[in-house]
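Trainee: I would like a close look at one part of this model. Please take me through the salt bridges.

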Amino acid sequence: MTIRPALQGPGFRQSMAWLHTWAGLWFSWLLFAIFLTGTLAVFHDPINHWMKGGVSTAAAERTIDRDRRLALGLAYMAREHADRPMWEIWPANDDEGNALNVFWKDDQGHYTKAWLDPSTGQEYKPVKAVQMRETLGGHLFVDFHYRLHAGLAGLWIVAAATVAMLVALVSGIVTHKRIFKDFFTFRPAKGQRSWLDGHNAAAVLSLPFQFMIAFSGIAISALTLFPAPIIAHYGPGDAGRAAFRTDRLPASIRPVASGKTAGIPDLGQLARRAEVQLGQPVSAVTIDQPGDAAMRIAMYGAGEEHGARPHISRTTGMIAFDADSSVTDIRRPGEVAAGAASLTNEILSSLHMAGFGGIVVKWIYFLCGLAGTAMMGTGAVLFMVKRRNRHGGEFGAATARTYRVIEALNVAAITGLGLACIGYLWANRLIPASLAHRELWEVRMFFAIWAIALAHACLRSPLRAWLEQLAALAVFCLVLPVLNLATTGDQLVSGLWRGDAEAAGVELASLMFGSGALLSFMALRHKLSMSPSPRKCKTASVKRSEVSGC
Amino acid sequence: MIVLGRCLAAMFGGYAFASAAATLIAAVLPMAQAEAAWMGSILAVIFHVVAAIWCFAIRSMWTMLSGLIGAIIVLGALGLVLPKLIA
């Protein structure tokens, strides 16, 4: 690589421009994928809902006799698991269709769960609803965007890319001479300039969001990614981590058995007292050292969807009682059990996951996420557009070949990933609901389509590859509602009619992405017919800078 | 070769610098020890980014490397020794 002279240029700004170009280029493909899937992950619940076939996951509202359920849960634990030091009862677990669930820790310390019949208290094995499709749903996007669907190794790769993104953001700002003026500058249909303006506009308009989302993304995995302070103060490995965890929380939440027995107070009555004090419905009860005079009964409030809260921190309220039913500890909604770092972590994770502010904030995140995606996409395209007009010669004799590879990777990373995402939704409808492990086949289709798109981008000339993949993307996105109608009989209009905004929203978003792809396709083809020279033709459509997120 | 060296310095040197800085923060923040340690981890990435930019901004390779390694040693040593002095 002969990029050294540029690096050794005269000033700080030059070295930062060099850094922005190269850190940006090598990580833009990965970051584009992280940003697009992360943006889709904002709406993982509606995507889940759509992929499960539009079946409503919430059980029909029933009258729930909570006092009786608490008593049945308590009786079951006393009968079957009396020797466990911690009992946990969820009288109406809304993750499980308001089932009565109990939890304890087994001999290996793993959380174990049982379903109880709310009228008899007998344990039963839940059967899955027949109509549900087995699917990872929107969770694939969540999992991919923070660890590439590859576990811990993926988490480290994403973290490295995020640091590179922060470096590219800082060096990008330094490089940028007229950050305020460019805010208002947009020169459409001017080839390279348009791509630069689009790149700047997407970046500058959403800059605070990009910093926030990158920093909070790293910070919520900080204990895994930067364990040095924990190791320094508590020792290495699992032992050090365990010592850290024990030290972090106040000792009062881990009562030591006194050896004296005591009766467990009426949980229904305690739950009513807790609700008055917390202003939240009680969703769970834990009892440490049950039946001992030192026992601690904690009542936990339900989350935000059960009542608006003005806090960014998503923690629910908690009240602890002792064996005499007196309050020993209270935590208001939004507060945390421990100190400043715990609260910082809680707020950063809520900030990262749009865990506050409801649907409006989710849409703001979606749009800012698309802006970030567009920033990566336009940046990657800009690199090549610049060099298609004026050869940079950065790679010596291999320059032409390297450019060819970069072009192919651009296509595969941008339209190819778009195809993989929409193909995942298609696979959801086309893979038979009865197929064993069908959810794995959906994920395999996602990666297979992406691989095919990469192969296609390598085999075709760059321009052909762009055109063909944009066309395919437009078709798959625009036809998705028809596919749904053909396979499930459900359709967009009836979804809107019955007020199912989640299912209809997925299809409307698909139509929006499809239209964007179609417009880009037409603009690119128009430009191609205007100028026969293949060197200039792709510098056209600035529209794609807005929709490169699809 | 030089570019590769700077990349490696930014990656691994930057990580070491961030870890050293986080350890020092954990030692000096006036909080419960577990909270201070966690806060150090949360803030660490900022130091990694600053160090990575340093690795590419300083023209002399020698100045860049000696500054980075020196900072890692000083911050790391302070972070490890200070808690023992205080205790």
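Which side chain does Asp329(A) meet in a salt bridge?

Mentor: Asp329(A) meets the side chain of Arg296(A), at 3.6 Å from N to O. A salt bridge here is a side-chain nitrogen of Lys or Arg within 4 Å of a carboxyl oxygen of Asp or Glu. Asp329(A) sits in strand β8 (residues 327–331) and Arg296(A) in strand β6 (residues 296–301), so the pair ties together parts that are 33 residues apart in sequence. Strands are DSSP runs of E, at least two residues; helices are runs of H or I, at least four; both are numbered from the N terminus.

Before going on, note that this is a predicted model: local features need pLDDT of at least 70, side-chain atom pairs count only at pLDDT 80 or more, and totals for chains, interfaces and linings use all residues. Side-chain values use heavy atoms, without hydrogens and water, residues are numbered from 1 along each chain as its sequence is written, and chains are lettered from A and ligands numbered from 1 in the order in which they are written.

Now look at accessibility. Buried means under 20% relative accessible area, exposed over 50%, and partly exposed in between (1.4 Å probe, protein chains only). Arg296(A) is buried, at 7%. Asp329(A) is partly exposed, at 26%.

Next, take Glu275(A) and Arg66(A). Their side chains form a salt bridge at 2.5 Å, N to O. Glu275(A) belongs to helix α13 (residues 267–278) and Arg66(A) to helix α4 (residues 66–80), so this pair links parts 209 residues apart in sequence. Glu275(A) is partly exposed, at 22%. Arg66(A) is buried, at 17%.
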